[in-house]
Amino acid sequence: MKVARLVTPEGEKAQINISVRNLVEFLLREGDIDDRKGSVDPFEAMQEGSRIHRKIQNSMGPFYRAEVPLKYQVEYDDYIIGLEGRADGVVLDMDEDGTVWSATVDEIKGMYMDVMTFEKPVLVHEAQAKCYAYMIANEYNLPEIDVQMTYVSLETEEIKRFNQTYSFDEIEEWFLTIINIFKKWADFQYYHKQEVLESVQGLEFPYEYRDGQKKLVSDVYRSIYRRKILFMQAPTGTGKTIANVFPAVMALGQNLAERVFYLTAKTATALAARDAYSLLSQNGYEGRTIMLTAKEKMCLCDEADCNPDNCPYARGHFDRVNDVIYEIITKETVITRDVVLGYAEEYVVCPFELALDVSTWCEGIICDYNYVFDPNVYLKRFFAEGRNGEHIFLIDEAHNMVDRAREMYSETLIKEEILSIKRYAKPVSKKLVNALEKCNRIMLEYKRECDRDITVLSDIDMLLNACDNLQMIFEQLFKKEVKFGIYQDEVLDFYFRLRNFTALAYQQDPDHYRIYCDFDDDKNFNLHLYCIDPSAQLQQRLAMARATVYFSATLLPIDYYKDLLCNITDVYAIYVDSVFDQQNRLLLLGTDVTSKYTRRGEDEYVKFARYIQTIVNAKQGNYMVFGPSYKFLEDIHEKYQAFGDDVEIIIQQQNMTEQEREDFLLEFEKKREKSMVAFCTLGGIFSEGIDLVGGKLIGSIILGAGLPQVGNERKLMSDFFDDEGKNGFEYAYLYPGMNKVIQAAGRLIRTKDDVGVIALLDERFRFGSYRKTFPREWNDAEFTTVDEVSLKLTNFWKKKD
């Protein structure tokens with residue numbers, strides 16, 4: 001659903017513009033949600049529909065006018081409703097003097113179904129034609145007008161028509177009824193907008209400004225005003241969430257933007273954004289803000305099976321959903337998952353689809369990066385067909401965006417999976433089996449070329465042609481609602497990945513991608529379409545916003561993020577100084593150990609364990625130890641435990657459930673008489689996005705430099721950036737690794753009252769290339785060895801105590 005857009009031309013009455021199609025699809029939608037109706041590429045359907053439209057229009061003779069633009073306005077005291085559309089066909093009968101005495105409106109609909117079985121037109125299709133009919137009858141002062149519905153099967157090109165003649169009084173009464181139904185929504189949009197604008201005029205920053213925070217707010221507002229991209233390195237404690245949300249809301253109040261997307265990858269930062277909006281609402285801000293949550297977390301059923309037979313919330317959803325939308329947007333301000341679930345349960349509608357519909361009436365949307373940037377799940381109601389909007393993107397924890405974007409814009413085909421799908425297809429379609437076999441033969445040729453490590457391919461044109469054909473056959477079967485029995489979900493998963501692979505392959509720029517093949521751990525043969533530099537793909541979406549702010553506590557070196565998160569040079573970058581007293585923490589660089597593979601062994605592990613023992617014994621409290629892998633942590637833990645110190649130990653496990661994660665963090669809340677040491681993975685779930693304040697953590701010990709493991713993709717990435725004239729090692733290994741290190745170290749000092757020790761244990765931290773990634777406030781780092789560290793710790797804690 002796309003709602004109307006409110007525009008206020010200077011010195012003129014405000015206008016609410018909506019297309020005829022959006023109007024009738026919103027007001028007159030009905031029936032069930034049903035995901036069993038097959039999966040058809042909307043772009044392919046649109047292309048095929050356009051072709052059949054042109055074919056029919058060209059066959060209708062000289063008096064048939066195709067694609068006729070129409071506009072109509074309804075004026076009220078405070079605003080104007082502007083209705084516009086494009087009739088597929090209009091036939092005007094006129095006298096020699098040009099006077100029109102009769103007219104026929106033709107609405108053409110291409111359908112992937114047998115249209116000859118239709119007994120009457122689809123309600124919303126007929127309503128669209130009737131709106132066009134009223135506009136023409138009104139324009140030419142006609143006493144009556146004919147409406148023709150032309151349905152055509154996109155597969156067989158069979159045509160079925162329905163014709164109806166309406167008197168002007170009939171069509172006008174119907175049209176005004178539709179407009180009057182919509183007026184409730186138009187009233188909300190107009191008067192709510194006035195409330196938002198007025199509420200922002202008196203809105204003040206909700207806190208006393210911290211050092212540098214007022215400048216931060218000004219920098220964000222200035223970037224929005226100037227339509228710029230801003231990169232902001234802002235350490236913990238600078239209040240960067242509210243410092244971004246507040247100026248964005250102020251920009252809404254100045255009519256500089258119509259919507260703010262607060263984008264994040266983590267629940268904790270989404271909750272921080274929610275709290276910022278809630279605070280502004282408590283202080284008088286009248287805007288609506290919604291938190292969007294993944295479908296599987298919104299479902300009220302045991303299993304997300306979206307059809308009327310299995311889900312009561314899907315059954316009749318569209319008959320009821322508009323009432324609940326209106327209820328929410330007129331009663332709620334900050335609309336959380338629980339709020340949506342409450343209304344969905346009361347009105348018996350799908351909560352996920354409800355949330356998406358409500359978002360179109362909100363000024364603030366808090367959601368995952370995917371909803372804006374992922375080509376498969378982005379919010380089409382805002383970004384489809386390349387539509388630009390006066391949006392603001394606030395991208396939190398932006399250091400995560402590089403890897404997330406690479407994942408969004410990459411895809412893999414697996415030869416063995418093609419063979420599995422071929423087996424499932426045998427009882428269903430010989431044509432599908434043949435198409436899968438052709439893809440498999442081409443993949444076999446690539447497999448023969450591939451050595452045991454990695455082979456880079458210059459092109460995959462033969463495979464793409466075969467994939468195109470395979471995708472077309474799948475879609476033909478889906479249109480006929482052909483099923484694959486117990487393998488249906490597996491087949492659909494493969495189809496979606498195939499579709500994504502071909503779409504990305506045609507869009508990919510060789511300057512940003514590499515195509516390569518290799519074997520996975522299970523000896524499966526994989527062909528990868530790998531996006532190494534996602535800047536061009538991201539920029540396409542950034543161009544749809546007025547302004548973007550990338551912000552994080554770790555965006556160093558800034559040029560690395562500028563290079564990979566946008567592909568324009570006219571951007572701003574600011575560094576916000578830490579507000580915390582450096583005297584409250586001791587930063588140590590242990591230079592006599594390393595996690596390098598060539599040095600790993602008994603002696604090195606014992607030395608790491610001695611470091612942990614010395615740091616923990618210096619002061620009773622809770623400590624986190626971060627290692628580069630579970631195996632590495634296990635080896636260090638074994639050596640540390642052998643010392644027999646009287647401490648409690650907890651260890652992060654692989655694939656922990658949400659409850660297990662919560663229980664792990666609750667250990668830091670307990671009062672205890674001895675120290676606790678928590679062993680965690682560097683770059684894992686506990687190394688960022690958690691706050692252990694008020695003395696709950698007094699030490700963060702990082703074992704190693706965090707560099708990613710050497711592998712095919714990392715080597716490919718390193719070579720790629722070397723070829724680009726950049727430092728391949730730094731782009732592929734150093735910067736991603738140090739990002740993890742800085743994030744893990746950042747778990748320690750979260751408020752001005754926190755005190756503790758950060759120990760970075762690896763000889764590589766002596767090197768200038770590593771230290772240039774350090775935050776500015778790490779200028780007081782001290783080198784140490786395992787023999788010297790005890791004295792440094794004693795002096796620090798003595799001073800603090």
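In which crossing, left-handed or right-handed, does α21 pass α22? The crossing is right-handed; this term applies if the near helix is turned clockwise from the far one by less than a right angle, and left-handed if anticlockwise.

The model is predicted, so local features need pLDDT of at least 70 and side-chain atom pairs pLDDT 80 or more, while totals for chains, interfaces and linings use all residues. Residues are numbered from 1 along each chain as its sequence is written, and side-chain values use heavy atoms, without hydrogens and water.

The axes of α21 (residues 602–617) and α22 (residues 630–641) come within 8 Å and cross at roughly 65°. Axes are lines fitted to C-alpha atoms, for helices over the stretch in contact, with angles from 0 to 180 degrees between N-to-C directions. The two helices are therefore roughly perpendicular (65 to 115 degrees). Contact means heavy atoms within 4.5 Å. Among the contact residues are Tyr605, Phe608 and Ile612 of α21 and Phe632 and Tyr640 of α22.

Helices (H or I, at least four residues) and strands (E, at least two) are DSSP runs, numbered from the N terminus. Eight strands form an open sheet with parallel pairing, in the order β11-β10-β12-β9-β13-β18-β8-β19. Strands pair if DSSP finds at least two bridges between them. At the edges, β11 (334–335) and β19 (572–575) each pair on one side only. Five bridges join β9 (residues 259–264) to β12 (residues 364–368). Leucine 263 stands opposite cysteine 367 in β12. Helix α20 (residues 558–565) packs on the sheet and touches β8, β18 and β19. The direction of α20 makes about 145° with that of β8.

Definitions and conventions: Parallel < 35°, antiparallel > 145°, perpendicular 65-115°, else oblique.
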